[in-house]
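Welcome! Take a moment to look at the sequence and the fold before reading on.

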Amino acid sequence: MIRNALSNRTVAGCLAVLALVSLAGMLAPRIAPHEPNAADVINALAPLSMEFPLGTDHLGRCILSRVLFGIRTTLFYSLLTMIVTVFCGTLIGLFSGYMRGRIDALLMRLCDVMLSFPYEVIVLSVVGFLGPGLTNIVLANFVAKLAWYVRMFRSSVIKYIHLIYLLYSRTFGSPRRFILFRHLLSNISSEVIVLATLDLGWIILSISTLSFLGLGVQSPTAEWGAMLNEAKEVLFTHPELMLVPGAAIMIVVACCNLLGDSLRDVLDPKAGR
């Protein structure tokens, strides 16, 4: 499966871009030319130069340094949110689809209640209740997405639960853990990977949007959405300040979406028809 995925040029290209961006974020303390939060009003709104390769913002902070450190905030926390949500959604969906009965009915009614509210309403409600902050927007996205993942993976489990070899395994008394993780999880793993990859772009946009609105990452922490929020103050005099963080968000989200679509075609060719 991995070899087939990497043989696809789009998959390989998107993974290479995301790997380079992640590597730049991990090495940010070593490769950033300046401390990201160091203000220097004398060099405020400085143009591109050897000292400031992408210029400075209205407080004289290095744009390149803030973009590099923003990878840690925007991309890494989006990955954390996606991993935790997919892990919990997969486990709950597996048990719900396999066990059925009252537990399944209760979980599905809870999911129905959560899914009856728009995604944005749940996120804004959680952030409004808990207050702005990076931890709270991660929790808000987790709460908003969990029910969707549970329902999707439960449907996948029900689709595979009547396979011959799985019924054979249940008949001969195989442990429940073996059936859940060896048979069912292996069958839905490709769907988990595709859905998680596609959803990563939406999580990045959600975190960036909340930070842009002032509900997410708070100043002076470097984050791409927060950088856009700060750049809007000088939009008409220095519009270039919005280009770098905006381009970073666009490139990463586009790579996530292209990667998800390509993985779907590779791992499940029937879905791409």
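Here is a short tour, from the overall fold to a cavity inside.

Please keep in mind that this is a predicted model. The secondary structure of the protein is made up of eleven helices and zero strands. A box of roughly 75 × 45 × 30 Å, taken along the principal axes, is filled by the C-alpha atoms.

How do the parts come together? Among contacts between residues at least 6 apart in sequence, 70% join residues at least 24 apart. The protein has 273 residues, and 44% of them count as buried.

Some values for the whole protein are gathered here.

| Property | Value |
|---|---|
| Distance between the mean positions of the 21 positive and 16 negative charges | 18 Å |

Now let us look inside. The count comes to one cavity of 30 Å³ or more. The largest cavity has a volume of about 60 Å³. Which residues line the largest cavity? They are Asp57, His58, Ile63, Arg66, Met227, Glu230, Ala231, Val234 and Leu241. Helix H4 (63-99) and helix H10 (224-231) are the elements that give two or more residues to this lining. H10 provides the largest share, with three residues.

Definitions and conventions
Residues numbered from 1 in each chain as written. Predicted model: local features only at pLDDT ≥ 70, side-chain atom pairs only at ≥ 80, totals over all residues. Heavy atoms only, no water. Helix = DSSP H or I, 4+ residues; strand = E, 2+ residues; numbered from the N terminus. Buried < 20%, exposed > 50% of the residue type's maximum accessible area, 1.4 Å probe, protein only. Contact = heavy atoms within 4.5 Å. Lys, Arg positive; Asp, Glu negative; His and termini not counted. Charge placed at Lys NZ, Arg CZ, Asp CG, Glu CD. 1 Å grid on protein atoms, 1.4 Å probe; cavity = no way out; pocket = protein on both sides within 12 Å on 5 of 7 lines; lining within 4 Å. Points joined across faces, edges and corners; volume = space filled by probe spheres on them.
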